[in-house]
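Good morning, and thank you for coming. Please look at the sequence and the structure together while I speak.

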Amino acid sequence: MNNSFEINYIRKCLELAEARLNRGDASEWTSYDFEKLSTAIEEATGVILSVTTLKRLWGKLKYTNMPATTTLNTLAQFAGYADWREFKRLATLLPGEPTAVSTHSPAATPQKRSKWTYWLLALVPVGILVYALLLSNTKPGKPIDTTAFSFSSNKVVMDGVPNSVIFSYNAVAAGKDSVFIAQTWDIRRKMPVFAKEKTYTAIYYEPGYFKAKLMVGKQIVKEHELMISSGGWLAMIEQEPGTPLYFRKNEVIKGNGLEVNEALLSAYHVPLQPVPPALRFYNVQPLGDLQTDHFTFETTLKSGFQLGTAACQRVEVLLLCKNDLISIPLCAPGCVGDLSLFAAGVALNSRNTDLSKFGADLAKWVKLRVVAKDRHLQFFVNDSAAAELTFSNPPSGIVGVQYRFNGTGAVKDTRFTKDSTVIALQ
């Protein structure tokens, strides 16, 4: 993160966010804690800040840029203020806090500097603002003829990841306006491209369903759907930053499911302590007309590793949709006091909802079933009713599943059913 006079306000805002989340000192947080923070921020503000972004803000990952205004506004809202400007106007810094510091993270110790250094540091945000204005000079309300633009893409390989995608575009009509390509739904991650060029290539390291966008300034002029399928079952270890660690299919496929155990992790020199690795299973593929308002999903899973910070055996099962998401938590019985269930715009939290049935002995096989009918969802764990809800979001097409484990994990007997049609994931 760049040095600037804003750093103390950022640090103060992070402290308030920590206090609201109430998960202890952030210096001891794991990836799971940042996932919880991301979920809490989304529930409170409607804006998603990725785990990677949050880790950068808290100094867990290297960060050499000032946070975007959108990020700061979202943090301020989570801390209880209208936006970043109001936070800076109303927040009180502790006595003696300087207006500029030298730091690589918000928690670093202030150092003495000459007055000229402070002046230079104060100019950094000004330079960033000028640069941003130069990049995005489209006037508010300026009409753009979207028919003058074109945007398409081609995958280098049909299935599997990593997968490079070649975007072809025509944005000459943008003139001097800045042009961006957003690879996913998250337009904050847009990449600047040259209006006079025709091609931009990007790599997708994880499968999923995306809506790529061509933007002029802040306006989306073209977008299209992009499916990066997994090519059947995929098992990988998330690494931030960096390329994921992918396992070969013959290493993980076990009968009608897949498994990553301690022996396989040891063969790849992946440590389980002090923080277990973020293990992910994917199966993303076209599933016909399967929709969130009418389906049955069944799977059986286990997570045997429960030492150290993995004592809660936390697992998340995500049903991936074109325009929505269903996220189902599971954990050891003693940890059910900190669970969140999210389904098609509805969030249930253990703070005010009994989610105790999502607690199970995950060292043994656990059955999970989800039944959807007319936007009413029922969740069953080991054939016992665990929760139910009704959502109002429009039905969305289902494109696959993702499993999130901490350490080891295994799944089997995974299938979707619609009426008499059974889709077994293989």
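Which residues of α2 are buried? Before I reply, two remarks on the source are needed. This is a predicted model, in which local features need pLDDT of at least 70 and side-chain atom pairs count only at pLDDT 80 or more, while totals for chains, interfaces and linings use all residues. Residues are numbered from 1 along each chain as its sequence is written, and side-chain values use heavy atoms, with hydrogens and water left out.

Now to the reply. Buried means under 20% relative accessible area, exposed means over 50%, and partly exposed lies in between, for a 1.4 Å probe and protein chains only. The buried residues of α2 are Y32, D33, F34, E35, K36, L37, S38, A40, I41 and T45. As for the names, helices (H or I, at least four residues) and strands (E, at least two) are DSSP runs, numbered from the N terminus.

Let us stay with this helix. The expected span of a helix is 1.5 Å times one less than its number of residues. For the 15 residues of α2 that gives 21 Å, and the end C-alpha atoms are 21 Å apart, which agrees. After α2 comes G46, with a positive phi near 80°.

What does α2 lie across? Helix α2, residues 31–45, lies across β12, β14, β16, β17 and β21, and runs at about 55° to β16. Contact here means heavy atoms within 4.5 Å. Axes are lines fitted to C-alpha atoms, for helices over the stretch in contact, and angles run from 0 to 180 degrees between N-to-C directions.

These strands bring us to the sheet. An open sheet of eight strands has the order β9-β8-β12-β21-β14-β15-β16-β17, and the pairing is antiparallel. The edges are β9 (245–246) and β17 (346–349); each has a single partner strand, so one side of each is left without a neighbour in the sheet. Two strands pair if DSSP finds at least two bridges between them. Strands β15 (residues 325–330) and β16 (residues 340–343) are an antiparallel pair with two bridges, and S327 stands opposite F342 in β16.

I turn to the nonpolar cores. A nonpolar core is a set of buried Ala, Val, Leu, Ile, Met, Phe, Trp, Tyr and Cys residues joined through side-chain atoms within 4.5 Å. The largest has 59 residues, and those that touch the most other members are F247, F295, F297, F358, L377, F379 and F416. A second, separate core has 32 residues, including A195 and Y282.

Finally, the charged pairs. How many salt bridges are there? A salt bridge is a side-chain nitrogen of Lys or Arg within 4 Å of a carboxyl oxygen of Asp or Glu, and the count comes to 11. In one of them, D338 meets R23, with the closest N and O atoms 2.2 Å apart. D338 lies in the loop between β15 and β16, and R23 in the loop between α1 and α2, so the pair ties together parts that are 315 residues apart in sequence. D338 is partly exposed, at 23% relative accessible area, and R23 is partly exposed, at 21%. Both also belong to a network of salt bridges that links R23, D33, K36, R314 and D338.

A further salt bridge joins E298 and R415, with the closest N and O atoms 3.3 Å apart. E298 is in strand β13 and R415 in strand β22, so this pair ties together parts 117 residues apart in sequence.
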